[in-house]
Amino acid sequence: MKANPKAKADPKADAADAAPAGSKKKLIIMIVAAVLVLGAGVGGGWYVSQSGAHAEEAPAKESKKKKKKDDDVKAEYVPVEAFTVNLQPENGEQYLQVQFTLQIAGPEQVQLIKDNMAVVRNRVLLLLSGKKASEISTVEGKQQLAAEIQAAVKEPFEKDGDEQEVTDVLFTSFIIQ
């Protein structure tokens with residue numbers, strides 16, 4: 001069999017061979033251009049976010065410095081003796097034994113709490129004895145109880161007095177039987 005000389009000279013065959021090579025080059029150029037555009041977008045976004053972050057940091061640092069000067073108060077802790085109370089009946093008699101520590105803002109507040117510990121204990125005792133075991137057995141229930149204790153202790157000891165600066169209630173023992 002002889003080779004057909006017209007087959008080599010066929011312009012359609014040459015175009016078919018050239019098209020894949022040309023389209024590969026175009027595809028590579030398009031990919032490189034897309035990577036460059038994407039890189040420029042990411043770089044621009046980073047630059048804008050960094051220059052915005054620096055602008056926001058300065059006022060934040062100043063406000064923290066002012067806050068420290070104004071509130072140069074170190075948190076102090078006041079342990080409260082353990083409570084053992086009967087809980088509201090659900091499935092027979094149940095008891096709660098709980099011990100916690102109050103986080104207080106400043107030594108003046110600590111002394112105020114210590115001087116009025118009988119009032120603090122009374123408020124907490126009344127609060128605890130009104131609870132059911134099912135209300136305080138979950139983590140959320142304990143967090144809610146801590147918030148309620150904090151609110152009860154914050155109430156002013158004197159009529160028209162200022163609230164106490166109790167910042168947190170930290171349980172150190174919590175037993176339900």
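In which helix is the place of Leu 27? Leu 27 sits in helix α2, which covers residues 11–70; helices here are DSSP runs of H or I with at least four residues, numbered from the N terminus. The model is predicted, so local features need pLDDT of at least 70 and side-chain atom pairs count only at pLDDT 80 or more, while totals for chains, interfaces and linings use all residues. Residues are numbered from 1 along each chain as its sequence is written, and side-chain values use heavy atoms, with hydrogens and water left out.

Together with Ile 31 and Val 35, Leu 27 forms a nonpolar surface patch with about 280 Å² of accessible area. Such a patch joins nonpolar side chains (Val, Leu, Ile, Met, Phe, Trp, Tyr) within 5 Å, taking residues with over 30% relative accessible area and no salt bridge. Areas come from the Shrake-Rupley method with a 1.4 Å probe, and for residues only the protein chains shown count as cover.

Side chains of opposite charge can pair when their charged atoms come close. One salt bridge (a side-chain nitrogen of Lys or Arg within 4 Å of a carboxyl oxygen of Asp or Glu) is found in the whole structure. Glu 148 and Lys 131 form this pair, with their closest N and O atoms 2.5 Å apart. Glu 148 belongs to helix α6 (residues 139–154) and Lys 131 to the loop between α4 (117–129) and α5 (133–136), so the bridge ties together parts 17 residues apart in sequence. Glu 148 is partly exposed at 21% relative accessibility, whereas Lys 131 is buried at 14% (buried is under 20%, exposed over 50%, partly exposed in between).

Methods. Patches are made of residues with over 30% relative accessible area and no salt bridge: like charges are joined within 9 Å, nonpolar side chains (Val, Leu, Ile, Met, Phe, Trp, Tyr) within 5 Å. Helices (H or I, at least four residues) and strands (E, at least two) are DSSP runs, numbered from the N terminus. Buried means under 20% relative accessible area, exposed over 50%, partly exposed in between (1.4 Å probe, protein chains only).
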